Amino acid sequence: MKGEVFKAACLQVNASNDLQANIDEASRLCVEARAAGAELILMPENVAMMEWGRSNIVLKAMPEDQHLALKSFQSLARELGCWLHVGSLAVLVDDGMVANRTYVINPSGLISAKYDKIHMFDVDLGLGEVYKESATFRPGDSAQVARLPWGRMGLSVCYDLRFPHLYRAYGQAGCSFLAVPAAFTRTTGRAHWHVLLRARAIETGCYVFAPAQCGTHVNNRETYGHALIVSPWGEILADAPEQPGFVIADIDIKDVIEARRKVPCLEHDRPFSLPPKG
């Protein structure tokens, strides 16, 4: 394992439906974060494209081996000599559906890990705010871990945040970090974003990295912002305002060890039964 302390940065962007403009803006922020000392830089969900409607999303999605954003970010990782977490990209898969796929890229520009979002955001928030990801996206079916020089990082995307068993499994698999790139709606973000991310950190004794989309996007979709870095004790180490930029914090592996020493709840599972329904 590399040194115990390193700097991590979480980007916050206001992505449009212009692929190249989004790549350029995320790349610019990565350069700034690297200049500030970040060795691990994380991007939000849909970092290269915030589109609306199945037909538009499918039209602009690309197969993995042809994805312009992925190639650009692989080159960027090489140029910067750091680890890049590409929040998620719309990747065309062979059944006419799209995968919402995370990539972790090493400083040589090679893909170290990838993960397809498991849980689909199919909700009706009222006042006409309806989302049905399952109409466009094929859900993933496996958790994935990125092996970084400082420890393991469990991968997830946005709506996965509401399924704590995924993160408990990551903690019990030896992860010290959890990545939660998101495009959280303004409606749900105001109510739930901070408390859910802090809970996932507290439950697992992990650092939580949560890069975010912010502002108004195509079709007047609004996202909440507030990219966060949360300590294993549930403390907010960095909280972005509601405009594009990045947050950065020192990450100390000893804090993971200490939080789990104090409250070793990952070791305290016990079997239990449920009463019958009805």
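Hi everyone, let me start with one side chain: Lys-7 has a relative accessibility of 29%, so Lys-7 counts as partly exposed. For the cut-offs, buried is under 20% relative accessible area, exposed is over 50%, and partly exposed is in between, using a 1.4 Å probe and protein chains only. What we have here is a predicted model, in which local features need pLDDT of at least 70 and side-chain atom pairs count only at pLDDT 80 or more, while totals for chains, interfaces and linings use all residues. Residues are numbered from 1 along each chain as its sequence is written, and side-chain values use heavy atoms, with hydrogens and water left out.

Back to Lys-7, then. Which side chain does Lys-7 meet in a salt bridge? The partner is Asp-250, at 2.7 Å from N to O. By salt bridge I mean a side-chain nitrogen of Lys or Arg within 4 Å of a carboxyl oxygen of Asp or Glu. Lys-7 sits in strand β1 and Asp-250 in strand β16, so this pair ties together parts that are 243 residues apart in sequence. Helices and strands here are DSSP runs numbered from the N terminus, with H or I and at least four residues for helices, E and at least two for strands. Asp-250 is partly exposed too, with a relative accessible area of 46%.

One joins the side chains of Glu-64 and Arg-101, at 2.9 Å from N to O. Glu-64 is in the loop between α2 (54–60) and α3, and Arg-101 is in strand β4 (residues 98–105), so here the parts tied together are 37 residues apart in sequence. Glu-64 is partly exposed at 23%, whereas Arg-101 is buried at 10% relative accessibility. Both of these residues belong to a network of salt bridges that also links Lys-114 and Asp-116.

The other one pairs Arg-138 with Asp-94, and their closest N and O atoms are 4.0 Å apart. Arg-138 lies in the loop between β7 (130–132) and β8 (145–148), and Asp-94 in the loop between β3 and β4, so the bridge ties together parts 44 residues apart in sequence. Arg-138 is partly exposed, at 31%, while Asp-94 is exposed, at 75%.

Now for helix α1. This helix covers residues 19–35, 17 residues in total, and reaches 24 Å from its first C-alpha to its last, close to the 24 Å expected at 1.5 Å a residue. That expected span is 1.5 Å times one less than the number of residues. At the start of α1, a side-chain oxygen of Asp-18 comes to within 3.3 Å of the backbone nitrogen of Gln-20. Just after the helix, Gly-37 takes a positive phi of about 105°.

As a reminder, an α-helix has 3.6 residues a turn, so residues three or four places apart point the same way.

Ala-69 counts as buried, at 0% relative accessibility. Beyond its neighbours within four places in sequence, Ala-69 is in contact with Leu-19, Ile-23, Ala-48 and Leu-89.

Next, the cores. A nonpolar core is a set of buried Ala, Val, Leu, Ile, Met, Phe, Trp, Tyr and Cys residues joined through side-chain atoms within 4.5 Å. The largest one has 50 residues, and those with the most contacts inside it are Leu-40, Met-153, Phe-177, Trp-193 and Phe-209. Leaving aside neighbours within four places in sequence, Phe-209 is in contact with residues including Ala-8, Leu-40, Met-153, Phe-177 and Ile-251. A second, separate core has 35 residues, among them Met-50, Phe-73, Val-91 and Ile-105.

Last stop: Thr-204, in helix α5 (residues 186–204). Is Thr-204 buried or exposed? Thr-204 is buried, with a relative accessible area of 3%. Its side chain reaches the backbone nitrogen of Cys-206 at 3.2 Å.

Key:
A polar contact is a pair of N or O atoms within 3.5 Å; within protein, one must be able to donate a hydrogen and the other to accept it, and residues adjacent in sequence count only if both atoms are side-chain atoms. Contact means heavy atoms within 4.5 Å.
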